[in-house]
Amino acid sequence: MSTQLTSPKPVPHSPALGENSSVKAPVQPSGLSSSKPSFGKALLPWIFLAALGGVGWYFHPYWLPQVQKVLLPAPADPGPKGPRVVTVTAQPIVERDFNLYINGLGTVTAYNTVTIRSRVEGEVVNVAFNEGQMVQVGDLLAEIDPRPYEMLRDQALAQIQRDEATLRLAEVTLSRQQELMKSQASTPQLVDQQIAQVEQTKAALQLDKAMLDNAKLQLAYCKITAPISGRIGLRLVDKGNIIQANSSQGIAVITQLEPISLTFTISQDEIPRVQRRIAESGALTVDAYDRDFRTKLATGTLTAIDNQVDATTGTLRLKATFDNKEHLLFPNQFVNARLHVETIPNALLIPTSAIQRGSDKTYVYVLKPDNTVDLRTVRTGPSEGAEISILEGVSRGETVITNGLDKLRPGAQVSVAGAQNTNGASGKSGPPSPKPQAGSGKGEA
């Protein structure tokens, strides 16, 4: 049985529609493929490019140098490389007397401190000083109303005049009684009574004179003067105040600044060094520095050593005296004291930064004339601040490396950035480095 295929009937042309009228296309039957490309076909070029890039990246260590040789010119031959040059700083070794010190923290103490108090009671009628001024012994500081004490003085004077008159009368009467006694007109009893009267009057006169002296003394106390020379502090009373005798408050406080003392402590381990030095020279020099150990304030002399060690701190107190002409030291000021205990003559000195320490030796790097370095084993001596003395291993005039040591080897080529001129080069001892260690004068083998 044959199946007859019939073609679809054509759509009849409708006369009602114009030439420009659009006609919907017939719906395609299901099962027939569409002419639009699929999503997978669109990704194929990108996948190909990614694979090509991965192959190129994997093999680029092999073909990239070949491409560079073709495209880039060959670099010029730099020639043989020279030795590595290390930039360092250096300082010459100096020879001079090396002073060793013991450092300690101390407190400035006024030689004399006086609280000015009135010895008499009364009204303050005059304050004759300016706060903070320097005063000398005998300068007027204040005055108390003297009128009550002037009256007591006048009373004592009048009492003296009365008793003097009584004494003269008693002496005249005694003389008459003695004349009458010669003629038997008087009795011995009357003469003895008159002698006693004269003696009583003389005693009363002496009492009156003592009262006059006391009245004059009280009057003198009305003028308050400075008992010592020094700097006076802030005033504690004003004009018009009524003050009591020997009041605890006082009028002002005077502290003596010239001379002035400094009390400081040292470790008990340093006592033998100090004792030996005192036995040799008899006097030790003490320098006072500020709290930062940078500014020298004054130079004085060790005057006293305490008689026992403080068991809680293991330190011994020492006392030094300073002239303090410039008034740079103030009472209760905290300062650093440097006690000069020893001087090493003609010591070879280098900076402590030049010292290197190995497991079995101490060494330095010495700069040679051809700008290479040589390793020298040295034996060190006492140190002070930023300097250390060398006993063996180097000589005067040589130069040691102070910076850049971690990059050096024996024979290394160096470039000196610049020699450092220190106090040691000029032969003078400058101020110490900040906060040096106490007892740094001990030697080190």
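Start with the whole protein chain. Among its contacts between residues at least 6 apart in sequence, 77% join residues at least 24 apart. The model is predicted. Colour by secondary structure: the chain has five helices and 22 strands. Of its 445 residues, 31% count as buried.

**Stop 1**

Select I344. This residue lies in strand β15, which covers residues 334-351.

**Stop 2: the cavity**

Rolling a probe the size of a water molecule over the atoms shows where empty space is left. A search of the whole structure finds one cavity of 30 Å³ or more. The volume of the largest cavity is about 30 Å³. To see its lining, select I266, I271, V274, Q275, I305, L316 and L318. Two elements each give two or more residues to this lining: α4 (271-281) and β14 (315-322). Which one gives the largest share? Helix α4 does, with three residues. Colour the lining by residue class: six are nonpolar, one is polar and none is charged.

**Stop 3: backbone details**

Move to E258 and P259. The peptide bond from E258 to P259 is cis, and its omega is near -10°. P259 is found in the loop between β10 (252-255) and β11 (260-267).

Then select N246. Phi is positive here, at about 55°, although N246 is not a glycine. Look for N246 in the loop between β9 (242-243) and β10. Is N246 buried or exposed? N246 counts as exposed because its relative accessible area is 57%, and the cut-off for exposed is over 50%.

Go on to N332. This residue, also other than glycine, has a positive phi near 70°. N332 lies in the loop between β14 and β15. With a relative accessible area of 63%, N332 is exposed.

**Stop 4: rings**

Show the aromatic side chains. The count comes to two aromatic pairs. One of them joins Y363 and Y365. A pair of aromatic rings is described by the distance of the centres and the angle of the planes. For Y363 and Y365, the centres are 5.9 Å apart and the planes stand at 90°, an edge-to-face arrangement.

**Stop 5: charges over rings**

Two selections remain. Pick K319 and Y111. The charged end of K319 sits over the ring of Y111, 5.6 Å from the ring centre. Then pick R338 and Y101. Here the charged end of R338 sits over the Y101 ring, and the distance to the ring centre is 3.8 Å.

Terms used
Residues numbered from 1 in each chain as written. Predicted model: local features only at pLDDT ≥ 70, side-chain atom pairs only at ≥ 80, totals over all residues. Heavy atoms only, no water. Helix = DSSP H or I, 4+ residues; strand = E, 2+ residues; numbered from the N terminus. 1 Å grid on protein atoms, 1.4 Å probe; cavity = no way out; pocket = protein on both sides within 12 Å on 5 of 7 lines; lining within 4 Å. Points joined across faces, edges and corners; volume = space filled by probe spheres on them. Nonpolar A, V, L, I, M, F, W, Y, C, P; charged D, E, K, R; others polar. Buried < 20%, exposed > 50% of the residue type's maximum accessible area, 1.4 Å probe, protein only. Phe/Tyr/Trp six-rings, centres within 6.5 Å; stacked < 30°, edge-to-face > 60°. Lys NZ or Arg CZ within 6 Å of the ring centre and 35° of its normal. Contact = heavy atoms within 4.5 Å.
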